[in-house]
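User: I am new to this structure and would like to learn how to read it. Please take me through its features one at a time.

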Amino acid sequence: MSGVSGTGLVSPSTIIRPSGARPNLGEVWAYRELLYFLVWRDLKVRYKQTVLGIAWAVLQPLATTLVFAIFLGRLAGVPSDGVPYPVFAYAAMLPWQLFAHALTESSNSLVANERLITKVYFPRLVIPLATILAGLVDFAIAFVVGIGLMAWYGIVPGPFIAAVPLFVALAVLTALAAGLWLSALNVEYRDVRYTLGFLVQIWLFATPVAYPSSLVPERWRALYGLNPMAGVVEGFRWALLGHGQPPGALLVVSTAVTFVVLAGGLWYFKRMERTFADVV
Amino acid sequence: MTGDVAIRCQGLGKQYRLGPRQRYRALRDTLPALALAPFRGLRSAMGFGRPTAQGATLWALRDVSFEVSAGEIVGIIGANGAGKSTLLKILSRITEPTEGQAEIHGRVGSLLEVGTGFHPELTGRENVYLNGAILGMRKAEIEAKFDEIVAFAEVERFVDAPVKHYSSGMYVRLAFAVAAHLDPEIMLIDEVLAVGDARFQRKCVGKIGDSVRTGRTVFFVSHNMVAVQNLCTRVIWLDGGRIVDDGDRRVIARYAANTLTSRHQRSWPDVATAPGGDAVRVTRASVRPAAGSGHEITTSTELLLEFEYWNLGSGAHLNLSLHVYDEQGVLAFNTAPVNEAEWHGRAFPQGRFLSACRVPGDLLNEGVYRIELLVVKDQATVLFRDDGILVFEVRDAGQGRGAWYGRVPGVVRPNLEWRTTCLERSEAPAGAGR
């Protein structure tokens, strides 16, 4: 039959059998249009259902930064590597919010999309991926506000701003790495969802958002990098503000941890994927 | 492509775990095990390792092998729990088989539900795109068919309104219209014809009939024997997860003859294993004449349907809903306790209940009727359904049929009051008939 239009998949053949745990990323690529529509749905629905709509993307990091600036920057006198504290904290809030939001949303994504999972086939990886990508729009808006904030304080980004996309990608990958584990676990153990708020909170304090990583003694710096977000946040702030030293050992360790957790997450997700529809 | 193999299944089997571990777990159930045997506990907690002896298992499907040629229209029939939906889910790749394999040659469109992914906040237009993408259509394809879809659904005027403002009829029509415009080579369909009003149903059947004529392969699961009879060129009968019969439409008659034996009185004394779920368990079902002690049911007999059940949850309103089907699978009527003032909108306490329903005499026609029981929570969620929980035969009462000796046609056979009056006794008026 020649009625297959525009797919390039003329009479594809599928073999269905008990499968192994090797992730099939090519298939995710084949479903990129669905990925696009799911991202689009998330954004549309969010902005239709909330009164403040797009303002949420900015309000959250701004409010947190304000609280940090007053209590930690001013009252507690936390150092900020010579940058005005509000800019210092906001520059770290950007990748942190992206990560925290992506992690929370992706962990709940499979359970929230139960109807889709039990009624239609597509690579399940598309679901957590879509929620994470939808967060990038919020990030972009908050980023623009951040540039405005820097201008206000008279800070001009240096040439290293070109490295910002790299750190954004790293934040997304880190969220995906943790999100894959947690979303798959959440299908089986609904406890995960209650643990999330707590987890994100501790993680925030373990990450150099409100304070610089220079507070951590030099010899412990690489160990600190075991928290993958430490490298991401420190690196992002360095690239955006062009201030201080690039985070060397810290970043290397963080990146390595991210990729190890991501590989494990892909494998675990694929392993659990075949039973999602039976359990969710 | 006609004559080529479209679907080939070899020894397909699907095993489910039963009991408390079937649904999602809470970590607190697993943590003690973790504490006792950290490594083994962690492995099983993460879902690694083999399914162990914990809880019973059930083969929902076993040793299923068949081949479907391109262009065949295959109907899958069988009682509830026969494995029909499991088979469809495996072929749709929603769930993986435990053993065996299936090959599918061609682009698959599967339709287990209409309107999957519809979001109430989005407009009709937005939902068409979203739902189309979910069902596997390309954006360009949806764009090309958009006007046709909206016209088919007859919602042109409301296409830019959020679907939460749609009537349920409009919603279902739009959802089906998207699905009906999928253009796969192999179509897997689960009972979705039962949507919309009768006129729209005919339109849908027509649309599927069209795809049949264009040589598409259709794999169709249904309880509706009329639809299977009309649409399918081949019928596969499943029972207990295995293929019982596979052939032309005559399989339907064999299925009907085999399964529609009487089931007047049924009871399940052990609450733990009685049909139902975590929220409700049905322990007894019966149909009998409302008066007297006989068992004979005729067209003039008033019937008493009784269902005993345990309500294990609390805080919810429960109601039963009965669908009564004739032997062709045509729904004769649906009834639910809508006028029981004492329970109206009230939560049921935990405990044992008896719901009884009287079906007046002179309503059902002669023939075999099947009852599907649904237990509905808060008029919204179906907690349990059992198609064929009761099956009974209504015999001709031998009265009320005048001089006609054949079977009175129709699903129902009411004994209606007639009155014929001579309005005027006279010769025909002048001019008439001359």
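User: Which residue stands opposite B:Leu303 in strand 12 of chain B?

Analyst: B:Pro289 stands opposite B:Leu303 in strand 12 of chain B. Before going on, note that this is a predicted model, in which local features need pLDDT of at least 70 and side-chain atom pairs count only at pLDDT 80 or more, while totals for chains, interfaces and linings use all residues. Residues are numbered from 1 along each chain as its sequence is written, and chains are lettered from A and ligands numbered from 1 in the order in which they are written.

User: How are strands and their pairing defined, and which strands does strand 12 of chain B pair with?

Analyst: Helices (H or I, at least four residues) and strands (E, at least two) are DSSP runs, numbered from the N terminus. Two strands pair if DSSP finds at least two bridges between them. Here, strand 11 (residues 280–289) of chain B pairs with strand 12 (residues 303–311) of chain B in the antiparallel sense, over nine bridges. Strand 12 of chain B is also antiparallel to strand 15 (residues 351–359) of chain B, and nine bridges join the two.

User: In what order do the strands of the open sheet in chain B lie?

Analyst: The six strands of this open sheet follow the order 5-6-7-3-8-9, with mixed pairing. Strand 5 (108–111) and strand 9 (242–247) of chain B are the edge strands, each pairing on one side only. On average, neighbouring strands of the sheet are turned by 15 degrees against each other, direction ignored. Axes are lines fitted to C-alpha atoms, for helices over the stretch in contact, and angles run from 0 to 180 degrees between N-to-C directions. Within the sheet, strand 3 (residues 73–77) and strand 8 (residues 234–239) of chain B run parallel and are joined by four bridges. B:Ile77 has B:Trp237 in strand 8 as its bridge partner.

User: How many residues does each chain give to the contact between chain A and chain B?

Analyst: Two residues are in contact if their C-beta atoms, placed from the backbone, lie within 7 Å. Chain A gives 41 residues and chain B gives 46. On the side of chain A, helix 2 gives the most, with eight residues. That side has 18 nonpolar, ten polar and 13 charged residues; Ala, Val, Leu, Ile, Met, Phe, Trp, Tyr, Cys and Pro count as nonpolar, Asp, Glu, Lys and Arg as charged, and the others, Gly among them, as polar. Strand pairing also links the chains: strand 1 of chain A and strand 4 (residues 99–105) of chain B are antiparallel over four bridges. There, A:Thr14 has B:Ile104 as its bridge partner.

User: How is the packing of two helices read, for example helix 10 and helix 11 of chain A?

Analyst: Angles under 35 degrees count as roughly parallel, over 145 as roughly antiparallel, 65 to 115 as roughly perpendicular and the rest as oblique. Helix 10 (residues 228–241) and helix 11 of chain A pack at about 130 degrees, with their axes 7 Å apart, and are therefore oblique to each other. Their crossing is left-handed; a crossing is left-handed if the near helix is turned anticlockwise from the far one by less than a right angle, and right-handed if clockwise. The contact has seven nonpolar, five polar and one charged residues.

User: At what angle do helix 4 and helix 6 of chain A cross?

Analyst: The axes of helix 4 (residues 85–112) and helix 6 (residues 126–152) of chain A cross at roughly 165 degrees and come within 8 Å. That makes the two helices roughly antiparallel. Their crossing is right-handed.

User: Is helix 4 of chain B largely enclosed or open?

Analyst: A residue is buried if 20 or more other C-beta atoms lie within 10 Å of its own, exposed if 12 or fewer, and partly exposed in between; C-beta atoms are placed from the backbone. Ten of the eleven residues of helix 4 (residues 124–134) of chain B are buried, so this helix is largely enclosed by the rest of the structure. The cover over the buried residues includes helix 2 and helix 5 of chain A, together with helix 5 (139–153) and helix 6 (168–180) of chain B. After helix 4 of chain B comes B:Gly136, with a positive phi near 105 degrees.

User: Where does B:Asp63 lie?

Analyst: B:Asp63 is in strand 2 (residues 57–69) of chain B. Its phi is positive, about 55 degrees, although B:Asp63 is not a glycine.
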